[in-house]
Amino acid sequence: MGSYLFVAGARPARLREAGPPDDRPDGPGGWVRLPPGEAGLRATRAVVTPGLAGVCAAAACSAPELAALAAALAEAEEAVGLPVGTIAVMPALETAAGVLGAAELARAPRVSRLLLGEAALRAELRMAPGPDEGELLWLRSTVVVASAAARIGAPVADECPDQGRFAESCAALARLGFGGRLCADDGQLRLAGEIFAST
């Protein structure tokens with residue numbers, strides 16, 4: 001299970017859920033989503049491979065937990081003969097605590113960009129955004145500012161819950177300063193490529 005990770009200026013990559021040790025990323029440049037907490041730390045050894053570009057830290061809330069993840073990644077890199085620091089980290093801000101800590105998380109070790117996990121946030125905050133997604137503006141702006149202040153890559157948005165408004169939603173995100181989003185299929189990847197490349 002997983003999505004396609006589209007980032008402007010980079011080759012699209014697969015973002016997969018962490019699986020068993022023989023479940024490796026598809027080809028070079030793949031990303032794996034790690035579960036939060038100790039489970040994520042334990043999973044690092046199973047997912048780190050020379051073909052892995054990075055890991056997505058689910059429900060990230062604090063810099064110390066990302067520092068622990070960086071240490072676990074260093075051990076896993078050494079175990080497979082990779083230079084320490086090879087694997088990037090993309091924290092997924094999926095809780096109110098994560099969004100409030102965005103500036104701290106953006107400056108944590110190995111973080112290359114932030115992912116705004118809007119699906120989980122909508123549930124936690126009991127949000128029901130309208131067609132223009134105006135209710136999400138503050139959350140999105142916070143993540144864009146935190147990323148720029150930390151001088152990391154532009155943030156990535158979650159999958160679009162309304163497939164019929166995918167292009168419109170991508171255009172709004174691009175105008176706001178996002179650099180990509182999770183896509184469900186090849187058609188969305190093509191559209192995202194056109195939209196984010198034109199801003």
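The legends below describe close-up views of a predicted model.

**View 1. Pairing of strand β1 with strands β2 and β8.** Strand β1 (residues 2-7) pairs with strand β2 (residues 13-17) in the antiparallel sense, over four bridges. Within this pair, Tyr4 is found opposite Arg14 of β2. The two strands form a hairpin with five residues between them, and Gly9 in the turn adopts a positive phi of about 85°. Strand β1 is also joined by four bridges to strand β8 (residues 180-183), again in an antiparallel arrangement. Here Leu5 has Leu182 of β8 as its bridge partner.

**View 2. Nonpolar cores and the surroundings of Val55.** The largest nonpolar core comprises 47 residues, and Val55, Leu66 and Leu114 have the most contacts inside it. A second, separate core contains 12 residues, including Leu5, Ala13, Trp31 and Leu182. Beyond its neighbours within four places in sequence, Val55 contacts Trp31, Val32, Leu34, Val47, Leu69, Leu73, Ile87, Ala88, Val89 and Met90.

**View 3. Helix α2 and its packing.** The buried residues of the helix are Ala63, Leu66, Leu69, Ala70, Ala72, Leu73, Ala74, Ala76 and Glu77. These buried residues pack against strands β3, β4 (52-57) and β5 (88-93), and against helices α1 (38-47) and α4. Just after α2, Gly81 has a positive phi of about 80°.

**View 4. The salt bridge between Arg33 and Glu94.** Arg33 belongs to strand β3 (residues 30-34). Its side chain meets that of Glu94 in a salt bridge with an N to O distance of 2.8 Å. Because Arg33 lies in β3 and Glu94 in the loop between β5 and α3 (96-100), the pair ties together parts that are 61 residues apart in sequence. Glu94 has a relative accessible area of 13% and is therefore buried, the cut-off being under 20%. Not counting residues up to four places away in sequence, Arg33 touches Leu15, Arg16, Glu17, Ala18, Cys56, Ala58 and Ala92 as well as Glu94.

**View 5. The salt bridge between Glu77 and Arg110.** The closest N and O atoms of Glu77 and Arg110 are 2.6 Å apart. This pair links distant parts of the chain, with Glu77 in helix α2 and Arg110 in the loop between α4 and β6, 33 residues apart. Glu77 is buried, at a relative accessible area of 0%.

**View 6. Further salt bridges.** The model has a count of seven salt bridges. One of them joins the side chains of Glu168 and Arg165, at 2.6 Å from N to O. Glu168 is partly exposed, at 47% relative accessibility, and Arg165 is also partly exposed, with a relative accessible area of 25%. Elsewhere, salt bridges link Glu118, Arg122, Glu133 and Arg140 in a network.

**View 7. Ser112 in the loop between α4 and β6.** Ser112 is located in the loop that lies between α4 (102-106) and β6 (115-116). Its relative accessibility of 25% places Ser112 among partly exposed residues. Leaving aside neighbours within four places in sequence, Ser112 is in contact with Trp31, Ala88, Val89, Ile152 and Gly153. The C-alpha atoms of Ser112 and Gly179 are 12 Å apart in space, while the two residues are 67 residues apart in sequence.

Methods
Residues numbered from 1 in each chain as written. Predicted model: local features only at pLDDT ≥ 70, side-chain atom pairs only at ≥ 80, totals over all residues. Heavy atoms only, no water. Pairing = 2+ DSSP bridges. Contact = heavy atoms within 4.5 Å. Core = buried A, V, L, I, M, F, W, Y, C linked by side-chain atoms within 4.5 Å. Buried < 20%, exposed > 50% of the residue type's maximum accessible area, 1.4 Å probe, protein only. Expected span 1.5 Å × (residues − 1). Salt bridge = Lys/Arg side-chain N within 4 Å of Asp/Glu carboxyl O.
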